[in-house]
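Please keep the sequence and the 3D view at hand while reading.

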Amino acid sequence: MLPIVQGQSGLLEYKDSWPEIEFRGANQDVYFHAWGGDPQINRYIQWAAKQVKQQYQINLHHVKLTDTSEAVSRVLAEKSANNNHQGQVDLVWINGENFAAMAKHQLLEPHWALQLPNFSLTDPDNNPAMTRDFGVPTQGMEAPWGKTALTFYYDNLVTQSPPQTLQQLSLWAKQHPGRFTYPKPPDFLATSFLKYALIVLNSSQSEAIKSLLYQAATTQSQALLLPVLWQYLDELHPHLWRKGRHFMSSGMALRRLMGDGELALAFTFSAADIPAAVARFELPGSSRSYRVQDGNLSNIHFIAIPYNAAHRDGAKLVVNFLLSPQAQAHKQQANVWGDTSVLALSKLTAEQQTWFAPPKQSHPSATIANQAISPALSEPDPSWSKVITALWLQRYGVME
């Protein structure tokens, strides 16, 4: 067992030398279980695989998931079978509810993130968001990978005045019947939209009641917070695409409806999706991106190592590379992924800081309007995603 000490961030960390990890981790096959539904993200992981192959002779395999719960179930099944050392999942891209579930069942390697030299570039001592996932302390079980925020986009030829608030969205939908919808839960984009609505609709409640969103959902807190959400959706659904009787399965399907001209308003959690899709002629050139004025749901996404990963040292080398200024700057480019970096610029050299300078926008769709006046909304406690999904399916799922 490696010695453990108290780290600067108040977390326990292994005192294992990085050169020793590099020696053991080189020449390994690392299996990275990550969502595979976006071609841009898949290409970025392929690029990262080439880099770690050159640096460490690591073969990084992207195991493409349709839902992260697939990886969670695999690790849980391995634990039930007493496979505690040769797990098939070396890395998993998770956050929120899936992280909480894996941590609860002790399915994650503890303390490892603080071993990474590049983790310090996130400035965790002055940036607590780097060590909290949907409000839950990560305790070194995850390393941050990127930042995202809910971003809306619309067809400028159909509407020049897109809705700026949730209440305006309801009115807009009535004026443009069938031109807006959202995916079906438990899709991540679907639950994100519903959580955004839940937070905004309860914004006039007392602080004591609003704070319940950041605690585990109970029967009492659900009764206080959920009725306004169901009332809003009951009024909105008849004006959605196919009158709210059918919902697409994913954000990718939502974007296809925009590309086909069936929708005039949609949203994404990756702002760079829009200019990239325009460049690929998957969206019309009249597409425009913006942030609504009543708040944008924001979160940091993470990578974790299961407790029984067969190639944990190789996995640490991969994650350390993904946290490097080179990898983070490449990922932030709109034509690569457009995922916002988790690195603190103050921790970088002057030259490295120039890598993150925003490029000149070549198309209006690449410019996010209203960033300054759109407050960031923190993710609720992970339990709310599960509750909202279950109750939404009970109320609306049978209509399909």
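Helices (H or I, at least four residues) and strands (E, at least two) are DSSP runs, numbered from the N terminus. The model is predicted: local features need pLDDT of at least 70, side-chain atom pairs count only at pLDDT 80 or more, and totals for chains, interfaces and linings use all residues. Residues are numbered from 1 along each chain as its sequence is written, and side-chain values use heavy atoms, with hydrogens and water left out.

Ala71, Val72, Val75 and Glu78 are the buried residues of α3. Seen down the axis of α3, these residues fall within an arc of 130°, so they line one face of the helix; the arc is that of the directions from the helix axis to the C-beta atoms. The 12 residues of α3 should span 16 Å at 1.5 Å a residue, and the end C-alpha atoms are 16 Å apart, which agrees. The expected span is 1.5 Å times one less than the number of residues. After α3 comes Asn82, with a positive phi near 60°.

## The largest pocket

A pocket is defined on a 1 Å grid over the protein atoms alone, as an open set of points where a 1.4 Å probe fits, with protein on both sides within 12 Å along at least five of seven lines; lining residues have an atom within 4 Å of a point. The largest pocket has a volume of about 1,400 Å³, where grid points are joined across faces, edges and corners and the volume is the space filled by probe spheres set on the points.

The lining consists of 50 residues, and Thr68, Asn98, Pro186, Asp187 and Phe188 lie nearest the centre of the pocket. Among the elements that give two or more residues to this lining are α3 (69-80), α4 (97-104), α6 (188-201) and α15 (383-396). The most comes from α4, with five residues. Pro186, in the loop between α5 and α6, is joined to Pro185 by a cis peptide bond with omega about 15°.

Leu229, Trp230, Tyr232, Leu233 and Leu236 are buried in α9. Viewed down the axis of α9, they fall within an arc of 160°, so they line one face of the helix. They pack against α5 (166-175), α6 and α15.

Leu226 occupies the loop between α8 (219-225) and α9 (227-236) and is buried, with a relative accessible area of 3%. Its contacts include Leu198, Trp384 and Leu391, not counting residues up to four places away in sequence. Asn202, in the loop between α6 and α7 (207-210), is buried at 0% relative accessibility. Leaving aside residues up to four places away in sequence, Asn202 touches Lys210, Leu224, Leu225 and Val228.

## Positive phi in two loops

Most residues other than glycine have a negative phi. Asn27 has a positive phi of about 65°; this residue lies in the loop between α1 (18-25) and β3 and is exposed, with a relative accessible area of 58%. Asp123 has a positive phi of about 55°. Found in the loop between α4 and β6 (132-133), Asp123 counts as buried at 12% relative accessibility.

Technical notes:
Buried means under 20% relative accessible area, exposed over 50%, partly exposed in between (1.4 Å probe, protein chains only). Contact means heavy atoms within 4.5 Å.
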